[in-house]
Amino acid sequence: MDYLKISSLPKILPPRKGRLIHVRRSQDELTPNERSMVEQMLARMFEGKEPAISREDFRILLLQVNLEMSDTLIGEYLALEPKWAKKPLLTFEDFTVFYRDILSNQTPFFRIAYSKDQSYDLPDLPQQNLEDARRVFSVYDDEKKGSISVAELPSIFSDLGYPTEAMSTYFGQLCKRAEESTGTVYFDEFVRVHNEVVDLSKGDA
């Protein structure tokens, strides 16, 4: 099949940072449609020649699979695999891993819109998002008490890639309320705060 032409994809998210760098937003493996798209694109572009892909080629190749990314964003994803820094040319396998890293750092909704793959069931999306929030929460719940300090929230959302500096007033209000209570946040409260941060970030876009 030919790769899909999609003009209304959500914005491509950067990889998570800090303690969340290995906590992916969606499934780590490529779906059958995604794997087919990248394999057919590479075969078409290189026509069976010895695979030798320069970093300058990445942006062009990504456009061929409907992923429009800035050089800065590409660099952030390349940094996930330190071994690539020492390799002047990358292989088909390297590019496929790079492509997988990008997609697994996108939301399930993005993956559905992107590949039109039935591996994601729309009624399960809220549950998948909830499970992702639980994975993030557990990284910061070091003592496994079921709660985290409210003071950690700006760091968490910064690691998630949100513009927390622009939300300093919001986080300041959260901390002030916390001083008047326990100073901790349980999972249900974390989910509510996460939803509010998502809404605020949309307003800043």
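**Figure 1. Leu78 in helix H3.** Leu78 lies in helix H3, which spans residues 71-78, in this predicted model. With a relative accessible area of 15%, Leu78 counts as buried, because the cut-off for that class is under 20%. Leaving aside residues up to four places away in sequence, Leu78 touches Arg55, Phe58, Trp84, Leu90 and Phe98. One of these contacts, Phe98, sits 20 residues from Leu78 along the chain, and the C-alpha atoms of Leu78 and Phe98 are separated by 7.1 Å.

**Figure 2. Packing of helix H4 with helix H5.** Helix H4 covers residues 92-104 and helix H5 covers residues 108-115. On the H4 side, the residues in the contact are Tyr99, Leu103 and Ser104. On the H5 side they are Phe110, Arg111 and Tyr114. Sorted by class, the contact of H4 with H5 has four nonpolar residues, one polar residue and one charged residue.

**Figure 3. Asp132 in helix H6.** Asp132 belongs to helix H6, made up of residues 125-140. The relative accessible area of Asp132 is 11%, so Asp132 is buried. When residues up to four places away in sequence are not counted, the contacts of Asp132 are Arg16, Val23, Arg24 and Arg25.

**Figure 4. The protein chain as the setting for the close-up views.** The protein chain has nine helices and two strands. Along the sequence, these elements follow the pattern α-α-α-α-α-α-β-α-α-β-α. Of the 205 residues in the protein chain, 42% are buried; Leu78 and Asp132 are among the buried residues. The accessible surface of the protein chain amounts to about 11,500 Å², and carbon and sulfur atoms account for 53% of that surface. Taking contacts between residues at least 6 apart in sequence, 73% join residues at least 24 apart.

Technical notes
Residues are numbered from 1 along each chain as its sequence is written. This is a predicted model: local features need pLDDT of at least 70, side-chain atom pairs count only at pLDDT 80 or more; totals for chains, interfaces and linings use all residues. Side-chain values use heavy atoms; hydrogens and water are left out. Axes are lines fitted to C-alpha atoms, for helices over the stretch in contact, and angles run from 0 to 180 degrees between N-to-C directions. Helices (H or I, at least four residues) and strands (E, at least two) are DSSP runs, numbered from the N terminus. Contact means heavy atoms within 4.5 Å. Ala, Val, Leu, Ile, Met, Phe, Trp, Tyr, Cys and Pro count as nonpolar, Asp, Glu, Lys and Arg as charged, and the others, Gly among them, as polar. Buried means under 20% relative accessible area, exposed over 50%, partly exposed in between (1.4 Å probe, protein chains only). Accessible areas come from the Shrake-Rupley method with a 1.4 Å probe; for residues, only the protein chains shown count as cover.
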